[in-house]
Amino acid sequence: MNAAELLRRSVIGAGPYVPGAGARELKARTGRSDLIRLNWNENLLGPLDGVLDAVAASLPESVWAYPEEAYEQFRTAVARWTGADPAQVVPGHGIQALTLALVSALIEPGDRVVIPRPTYGLYASVCAVAGAEVIRVDADPDTLSFDLAALARSAHELGAKLVFVCDPNNPTGLRVGRRDWDAFTAALPERCLVVVDEAYADYVDPSERIDRLADIDAGRPVAVLRTFSKIFGLAGLRLGYLLVHESLAAHLHAVQEPFNVNCAALAAGLASLQRVDSLDARRAQAARARDQLIAPLAAAGIRTLRSQASFVLVQVGGDDVSVCEALAREAGLLLRAGSEFGLPGYVRVTIGDERLMERVGAALARAVGVRR
């Protein structure tokens with residue numbers, strides 16, 4: 001069989017989204033079994049207290065049964081927390097699956113999609129496989145911050161159907177300002193939807209976030225992706241949701257696979273939403289941990305970006321891959337090399353507890369100092 005004769009042309013040569021080397025591969029490469037995973041932005045604190053018990057209690061009645069496809073209880077709980085209407089909530093098997101659903105529902109071959117660079121790599125790969133023409137808009141080379149005006153200008157000039165914005169952005173941790181956001185949405189062309197990935201928004205103080213649900217309610221062309229993988233610590237269960245205008249929600253349900261959220265994930269999500277009062281403490285802990293990581297790096301003259309997410313981007317200069325390999329081999333610390341996502345000379349460090357971050361900062365400062 002010749003697969004190339006069967007595949008869509010847009011799939012050939014696209015390749016899969018590659019998240020970077022996994023712990024098993026790196027353990028084999030380094031010969032260490034004590035590696036600490038700080039490369040995939042997982043929450044090392046795990047789920048909120050009591051969530052695992054709620055999942056375990058749900059298993060006898062959920063393992064053998066299909067989940068309720070309407071997910072009414074979960075959608076109602078999300079709506080209560082976010083202030084949305086349940087009809088605006090579209091659950092999914094993580095942000096990745098929801099991104100696929102949006103692209104499947106909206107993109108036809110030849111449509112144009114505008115995506116900033118650097119940002120999460122899945123947006124571009126999914127759109128390219130769907131047959132879209134992907135236009136990249138580079139961030140400021142010094143600050144790595146988005147140029148929202150340039151994104152809107154490109155979308156307008158090219159007649160783009162989608163624009164992707166990650167806020168706070170992965171891999172920089174930088175946020176979008178409210179004034180810039182308002183000007184950006186006002187400048188978008190007709191028939192253009194902006195998809196905002198807010199995977200890390202829970203690490204931002206609620207009083208400082210942009211209220212994009214208000215944008216949706218006002219009829220602006222906005223869809224918001226959110227996840228339970230980050231501050232809630234449920235990455236392995238794959239649970240997320242979209243906030244969209246009700247008129248779009250029904251069509252997204254049509255392109256998602258049936259029963260696309262498993263019962264254990266739903267139980268974990270519901271239990272997590274009953275414990276949202278714990279998020280303030282997690283948010284404050286993450287801020288302290290970022291400070292502990294940054295302090296020894298600043299003392300060594302190593303630049304870090306002002307992240308408001310669960311990771312910090314560090315400018316190491318030179319060969320970032322060798323820095324990461326040295327830290328894995330010598331200190332048992334897995335960091336993400338910036339070369340893997342188009343930022344050579346940088347490494348991305350996932351936040352853990354304060355003591356661990358102090359250790360990581362000191363080890364990273366030593367590793368960079370040796371190579372200068």
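Me: Which residue in strand 6 does Cys-166 stand opposite?

Reply: Cys-166 faces Asp-197 there. Strands here are DSSP runs of E, at least two residues, and helices are runs of H or I, at least four residues, both numbered from the N terminus. This is a predicted model, where local features need pLDDT of at least 70, side-chain atom pairs count only at pLDDT 80 or more, and totals for chains, interfaces and linings use all residues. Residues are numbered from 1 along each chain as its sequence is written, and side-chain values use heavy atoms, with hydrogens and water left out.

Me: How many bridges join strand 5 to strand 6?

Reply: In general, strands of a sheet pair through backbone hydrogen bonds, either parallel or antiparallel. Pairing here requires at least two bridges found by DSSP between two strands. Strand 5 (residues 162-166) and strand 6 (residues 193-197) run parallel and are joined by five bridges.

Me: What is the strand order of the open sheet?

Reply: The seven strands follow the order 2-8-7-6-5-3-4, with mixed pairing. Strand 2 (89-92) and strand 4 (133-138) are the edge strands, each pairing on one side only.

Me: Which strands does helix 7 lie across?

Reply: Contact means heavy atoms within 4.5 Å. Axes are lines fitted to C-alpha atoms, for helices over the stretch in contact, and angles run from 0 to 180 degrees between N-to-C directions. Helix 7 (residues 178-187) lies across strand 5, strand 6 and strand 7 (222-227), at about 150 degrees to strand 6. Helix 5 (residues 122-129) lies across strand 3 (112-117), strand 4, strand 5 and strand 6, at about 155 degrees to strand 4.
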